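Welcome! Here is a short briefing to read alongside the coordinates.

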Amino acid sequence: MPPTTDEQREIDALRAVQAPTRRLTVPDLEDVLYQALPVLDHGFVRVVDYMGSDSAVVQAARVSYGAGTKRARQDAGLIRYLMRHAHTTPFEMCEIKYHVKLPIFVARQWIRHRTASVNEYSARYSILDNEFYVPDPAHLAAQSTSNRQGRGDVLSGDEASRVFDLLRTDARQAYAHYEEMLNEDVHGNLRDESRQGLARELARMNLTLNFYTQWYWKVNLHNLLHFLWLRSDAHAQYEIRAYATVMLDTVRRWAPLTYAAFMDYRVGGANLSAKGLQVVRRRLRGESVSRRDVGMSPAEWRELNALLDAEEPPSTSP
């Protein structure tokens, strides 16, 4: 859902301001600054402020003045070295602040990352909007039979229709009761002057977890990349992955050299245990090696072969 007229007016006003500055800015990120980048059905991500860029990472690593070297190839090589060897401090020199609108159940997953500064919309002080998340049909799935925290086959037909009906009916009823308990409109005026209404901090407890909340989330680049590495992974829950995908693109705009190194070494790369590395080395020498030869568990062995896209050798055990 696009921003309301008032919200868009505020965004347009912010984007219309041009402030002269001596500090470095990033044109590609400036292009989307303050814009509401849509996520899910009613959510969004907005970049509202940032500090630093690839050059700040390079400058911190070299402890140099100004924007650092003008040779992009050297900067890229240094950033790749830092990423490859997990030298994280230079990436902490950059910070970014997001305004995020997200379902409450996604926020409760997100807040487990305790490396950012967060200020959430207060339902003790204000009244929550009547907006709740309903999954797209492609993401309405049954419980996985092999993964306790994952999804299985997509629901369809009457079963899917019944679930959608329950989600919408429960959320609408919960909000109707929320309004009834509050007995006030968004401006704080009593609906029925013959009664007071329940305190906002109590009335909110009846709302379902698919209602939307909002927060400002400020984080340094190193911790942001760790968040995105976990939450953009194919095994992450779809809803939080949708936010991570949009945020990844803001990183690409903000620090393209760091983004490229991150996608190569972290997202597209893999860590091997000492046993896994031993298997790879022996196979490169043309040796046949079994799980028992290196003392791997069956799960480790399956994961290693899947990672290497290698066919698992036939078992010789009885």
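The notes below go through the sheet, the salt bridges and a few surface features.

Please keep in mind that this is a predicted model.

- Strand S3 (residues 95-103) and strand S7 (residues 212-220) run antiparallel and are joined by 9 bridges.
- Within this pairing, lysine 97 has lysine 218 in S7 as its bridge partner.

**Salt bridges**
- Arginine 62 and aspartate 75 form a salt bridge, with their closest N and O atoms 3.1 Å apart.
- That pair links helix H3 (residues 54-62), which holds arginine 62, to helix H4 (residues 72-84), which holds aspartate 75; the two residues are 13 residues apart.
- Aspartate 75 counts as buried because its relative accessibility is 10%, whereas arginine 62, at 33%, counts as partly exposed.
- Arginine 108 meets glutamate 120 in a salt bridge of 3.3 Å, N to O.
- Because arginine 108 lies in helix H5 (residues 104-110) and glutamate 120 in strand S4, this pair ties together parts 12 residues apart in sequence.
- Both ends are partly exposed, arginine 108 with a relative accessible area of 39% and glutamate 120 with 29%.
- Glutamate 201 and arginine 124 also meet through their side chains, at 2.6 Å from N to O.
- Here glutamate 201 sits in helix H7 (residues 200-203) and arginine 124 in the loop between S4 and strand S5 (141-143), so the pair connects parts 77 residues apart in sequence.
- Glutamate 201 is partly exposed at 36%, while arginine 124 counts as exposed at 53% relative accessibility.
- Asp249, Arg252 and Arg253 are linked in a salt-bridge network.

**Surface and loops**
- Leu272, Leu277, Leu307 and Leu308 make a nonpolar surface patch of about 300 Å².
- One of these, leucine 307, belongs to helix H13 (residues 298-307) and counts as partly exposed at 45% relative accessibility.
- Glutamine 18 is placed in the loop between helix H1 (5-16) and helix H2 (27-30), and its 70% relative accessibility makes it exposed.
- The C-alpha atoms of glutamine 18 and threonine 208 are separated by 41 Å, and the two residues are 190 residues apart along the chain.

Conventions. Residues numbered from 1 in each chain as written. Predicted model: local features only at pLDDT ≥ 70, side-chain atom pairs only at ≥ 80, totals over all residues. Heavy atoms only, no water. Patch = residues over 30% accessible without salt bridge, like charges linked within 9 Å, V, L, I, M, F, W, Y side chains within 5 Å. Areas by Shrake-Rupley, 256 points an atom, 1.4 Å probe, with all protein chains shown as cover. Salt bridge = Lys/Arg side-chain N within 4 Å of Asp/Glu carboxyl O. Helix = DSSP H or I, 4+ residues; strand = E, 2+ residues; numbered from the N terminus. Buried < 20%, exposed > 50% of the residue type's maximum accessible area, 1.4 Å probe, protein only. Pairing = 2+ DSSP bridges.
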